[in-house]
Amino acid sequence: MPELPASVRIALWVTSTWRSGGTLESAMESALPDVDGVGDGVRALDLWRDLGERTVLVALPSSGDPTSLPRCGADALDAAVEAEECLVAPGLGALLVPTWSTFGAPGASGPDTGTRLDWTAYDCDPVPTHRVEALDPREATRSLTAKVLEVTEQLDALGGRPFDAASAREAMPRAGQWALPDDLPGQALRAVTFAAAISSAAAAGIDGPQDGPDGWTQQRRLELLRDLRRVAERALADATNAGVSAVAHPRTSR
């Protein structure tokens, strides 16, 4: 099953929990059932709520495309790009950037180790409300679908292993299996899961064996797949943030 970034899951669950009056602990248990330990830095989310935030947004930057990040300092930019994900307090202008690690007895491996997620806070510019309100999960899906068709045609023209978008979509679990909040509207849920599936398929193509008659062809295939993954990650961030807005303000959701 394609895996959603931790920041995507946390943004949706924390926003939903804030609206329902639940605790941060319950939100984290729902968002991160596969994580054994979470550092105290995540407590910044309680501070965000106390200072008036009602939504937690997500950014999924990469070294080739940091545009989903609000404007921030060089340290914050470097950390977020390295993590390829972060949480955003849109009104306050703050980031939480995750760092993954494992723990266990010396020499332990596999099931004898645990996974830990720590968070570091940074400042950033606030995110204008109108930018979030303008996000539409349907448009995110349409744009990503067009990109999938474009890249598939280009890869087919190059020859070698095809990019099978149809199989990626067919392999997607049913929406209810993603363990996301029940108050996430269906359109946003479909956009999030579609973008995650395409990103996962593109990443598998990047990490898998590269075929082609020459080095140029192999490099071109990698460039196309990386471009597709960047577009899929942008669509995932936009769909998530549209979903966050809908969860926080259900009367105005699309």
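## Helices, sheet and a pocket: a quick briefing

Let's start with a helix pair: helix 1 and helix 9 pack at about 5°, with their axes 9 Å apart. Everything here comes from a predicted model, where local features need pLDDT of at least 70, side-chain atom pairs count only at pLDDT 80 or more, and totals for chains, interfaces and linings use all residues. Residues are numbered from 1 along each chain as its sequence is written, and side-chain values use heavy atoms, with hydrogens and water left out. Helices (H or I, at least four residues) and strands (E, at least two) are DSSP runs, numbered from the N terminus.

**Helix packing**

- Two packed helices are described by the angle between their axes and the distance between the axes.
- Those axes are lines fitted to C-alpha atoms, for helices over the stretch in contact, with angles running from 0 to 180 degrees between N-to-C directions.
- Angles under 35 degrees count as roughly parallel, over 145 as roughly antiparallel, 65 to 115 as roughly perpendicular and the rest as oblique.
- Helix 1 and helix 9 are therefore roughly parallel.
- On the helix 1 side, Val-8, Ala-11, Leu-12, Thr-15, Ser-16 and Arg-19 meet Leu-236, Thr-240, Gly-243, Val-244, Val-247 and Ala-248 of helix 9; contact here means heavy atoms within 4.5 Å.
- The residues of that contact split into 7 nonpolar, 4 polar and 1 charged.
- For these classes, Ala, Val, Leu, Ile, Met, Phe, Trp, Tyr, Cys and Pro count as nonpolar, Asp, Glu, Lys and Arg as charged, and the others, Gly among them, as polar.
- Helix 6 (residues 137-158) also packs with helix 9, at about 170° and with the axes 9 Å apart.
- That makes helix 6 roughly antiparallel to helix 9, and the residues of their contact comprise 15 nonpolar, 2 polar and 5 charged.

- Strand 1 pairs with strand 5 in the parallel sense over 2 bridges, and Gly-37 has Arg-116 in strand 5 as its bridge partner.
- Strand 4 (residues 94-103) and strand 5 (residues 114-123) are antiparallel, paired over 10 bridges.
- Along strand 5, Asp-123 stands opposite Ala-94, Ala-121 is the bridge partner of Leu-96, and Thr-115 is the bridge partner of Thr-102.
- Strand 3 (residues 86-89) runs antiparallel to strand 4, joined by 3 bridges, and Ala-89 has Ala-94 in strand 4 as its bridge partner.
- Strands 3 and 4 form a hairpin with 4 residues between them, and Gly-93 in the turn has a positive phi of about 80°.

**The second largest pocket**

- This pocket has a volume of about 310 Å³.
- It is lined by 17 residues, with Glu-3, Leu-4, Pro-5, Arg-229 and Glu-233 nearest its centre.
- On a 1 Å grid over the protein atoms alone, a pocket is an open set of points where a 1.4 Å probe fits, with protein on both sides within 12 Å along at least five of seven lines; lining residues have an atom within 4 Å of a point.
- Grid points are joined across faces, edges and corners, and a volume is the space filled by probe spheres set on the points.
- Helix 8 gives the most to the lining, with 4 residues.
- The lining residues divide into 9 nonpolar, 2 polar and 6 charged.

Methods:
Two strands pair if DSSP finds at least two bridges between them.
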